[in-house]
Amino acid sequence: RPTREERRCAALLVLNWCVVRGLQSGPASSCTSSARSAVHASVSRRGLLVTAGGLWAAQTSPAGAAGLFGGGPRVELLTAPTVCQARTIKDDFVSVRYVGKVGEIVVDDRYATTPLVFQLGAFYLPGFDEALTKQCVKSTLRLTWQRAPSINWGPVPPPAGPLVYDVAIDRVVYDAFRDKMTEGSNNTKYFVPEPLTAFGSVDRRWYPNDRSTEPPGQTILEFFELSI
């Protein structure tokens, strides 16, 4: 017989499923009734966590699940190529274009037309990198945070309301990974090790290996010392 704690856990999972499905916009009794029925059926088979988790997983991706509990985004696939010729993986360098909005207010369009090349893991929003991992190149995604994450938004107040980023994955930049792994003056590019930020001018992660275009305050030698 399931314990009281197991019943509570199942109820919370199914209620979160109700929220994801949008039942919160209807009568409160509808969501409560759905949760009670699902938990009852699950408990009778001692499969309460599996059933509730299945309902939840059916509505969200792993990154979307983080949006319920860990501050990450809900992920929607807007478009996908007919044939998936390449998928992103952890630590890939990717070229993306995106626009971030709250309602109709644009909060970040620095890379709406000029792509950003960066290594997955360096983006400033929690869950962004995970959402782009294992996606097909040439896909477009919509990432939605129910509220703006607690990060450094610079001189402006944090956005109020759901935060929506539409992201196009243009390509995996294999040359960038090669250049990062290769040391010496023959590199065609070098890199900024610090994470991206939500503010400031356009950030070029993959700099030409030319002293005239070095990032301010950092020499090539300093960069490689930080990278070791």
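In strand 4, L116 is the bridge partner of V96. Strand 2 (residues 93-102) and strand 4 run antiparallel and are joined by 4 bridges, two strands being taken as paired if DSSP finds at least two bridges between them. The structure is a predicted model, in which local features need pLDDT of at least 70 and side-chain atom pairs count only at pLDDT 80 or more, whereas totals for chains, interfaces and linings use all residues. Residues are numbered from 1 along each chain as its sequence is written, and side-chain values use heavy atoms, with hydrogens and water left out.

In a regular strand the side chains alternate between the two faces of the sheet. Strand 4 (residues 116-119) is covered on both faces, with L116 and F118 buried on one side and V117 and Q119 buried on the other; buried denotes under 20% relative accessible area, exposed over 50%, and partly exposed the range in between (1.4 Å probe, protein chains only).

T144 lies in strand 5 (residues 140-145) and counts as buried because its relative accessibility is 13%. Apart from neighbours within four places in sequence, T144 is in contact (heavy atoms within 4.5 Å) with P73, R74, E76, L163 and V164.

Over the protein chain, 7 helices and 8 strands are found, these being DSSP runs numbered from the N terminus (helices H or I, at least four residues; strands E, at least two). Of its 228 residues, 39% count as buried. Among contacts with a separation of 6 or more, 63% are between residues 24 or more positions apart.
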